[in-house]
Amino acid sequence: MSENDSPQSNEVAIVYLTRHGARIDSDDHRWLSRCTHNRADDPHLSPGGQTGAQELAEKMRQLQAEDGWKSLYIVSSPYIRCVETADAVAQALNTSIKVEPGIAEVNTSRNPGFLDIAELKQQFPSIDETYTPVMGREDLSVEYSDGACAQRSSNAAKLVSERLHGPILFVGHGASCLGIAGQFGKRGYIGYTSLSKFVRNGDAWKCTAFGEVSHLSDRKTSLNSAW
């Protein structure tokens with residue numbers, strides 16, 4: 001589904017929101033020494049995180065039938081843990097991933113360590129190289145609080161939702177999801193691979209599910225990460 005496509009007649013304005021799966025650095029404190037890169041702020045998913053991503057993908061497949069949409073935009077932070085999570089859904093739905101730095105998390109001690117689109121594309125063929133993000137790496141500045149990240153991510157999500165016509169799944173981080181949720185009417189932290197849903201009625205958005213974990217086999221880890 002391209003950015004200029006109009007929504008199908010049977011589609012309603014829906015935004016889904018999830019946080020990346022559990023990170024490898026929570027399980028393996030020496031993970032970086034085992035990698036072929038030195039991006040300390042860009043850990044991949046743990047085995048449990050990979051399982052959560054697959055369970056999220058299956059849930060999104062179910063929602064495709066239940067909510068009546070034919071295709072879905074997947075908009076992901078460029079960090080590996082988010083793209084891995086998004087890729088599981090993209091594979092399940094046979095769609096692409098739009099990488100959006102505007103919903104990334106920015107570490108205060110270093111420049112954003114995520115890969116460029118061309119490098120990500122080598123690992124994740126489902127990435128849409130034609131997508132033009134609302135914010136680039138060069139637009140990201142040092143942030144010292146979750147609130148700053150949340151505000152920037154909220155603004156980015158608003159711009160994305162105005163550009164893309166049809167259901168959207170945002171895949172972000174703790175602080176960026178805080179802001180994205182707030183943009184669509186519900187402020188709060190969500191856990192790993194949980195699912196939130198927002199439906200637009202006229203000019204107003206309504207939250208119909210928030211931080212839902214019923215699709216996950218490891219609900220405790222997700223709930224404990226919601227901060």
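Guide: Residues are numbered from 1 along each chain as its sequence is written, and side-chain values use heavy atoms, with hydrogens and water left out. The model is predicted, so local features need pLDDT of at least 70 and side-chain atom pairs count only at pLDDT 80 or more, while totals for chains, interfaces and linings use all residues.

You will find S145 in the loop between helix 3 (117–123) and helix 4 (146–163); helices (H or I, at least four residues) and strands (E, at least two) are DSSP runs, numbered from the N terminus. With a relative accessible area of 41%, S145 is partly exposed, a class that sits between buried (under 20%) and exposed (over 50%), using a 1.4 Å probe and protein chains only. A157 is twelve residues from S145 in sequence, and their C-alpha atoms are 18 Å apart in space.

Now compare another serine. S76 belongs to strand 2, and this residue counts as buried because its relative accessibility is 0%.

Strand 2 (residues 73–76) runs parallel to strand 3, and three bridges join them; two strands pair if DSSP finds at least two bridges between them. Across from I74 stands I97 in strand 3. Helix 5 (residues 174–183) packs on the sheet that holds these strands, touching strand 1 (14–19), strand 4 (168–172), strand 5 (195–201) and strand 6, and its direction makes about 160 degrees with that of strand 1. Such angles run from 0 to 180 degrees between N-to-C directions, with axes fitted to C-alpha atoms, for helices over the stretch in contact.

What is the order of the strands in this open sheet? There are six strands, in the order 3-2-4-1-5-6, with mixed pairing. Strand 3 (97–99) and strand 6 (204–212) are the edge strands, each pairing on one side only. On average, neighbouring strands of the sheet are turned by 20 degrees against each other, direction ignored.

Let's look inside next. A nonpolar core is a set of buried Ala, Val, Leu, Ile, Met, Phe, Trp, Tyr and Cys residues joined through side-chain atoms within 4.5 Å. The largest one has 29 residues, and Y16 and M60 have the most contacts inside it. At least two residues of this core come from each of strand 1, helix 1 (47–67), helix 2 (80–93), strand 3 and strand 4. Helix 2 gives the most, with nine residues. Leaving out residues up to four places away in sequence, Y16 touches M60, L63, W69, F170 and L195, among others. Apart from this core lies another, of 24 residues, among them V15, Y79, A157 and I168; A157 is the residue we placed 18 Å from S145.

Finally, step back to the whole chain, which has six helices and six strands. Along the sequence, they follow the pattern β-α-β-α-β-α-α-β-α-β-β-α. Of the 227 residues, 54% count as buried; S76 is one of the buried residues, whereas S145 is partly exposed.

Methods: Contact means heavy atoms within 4.5 Å.
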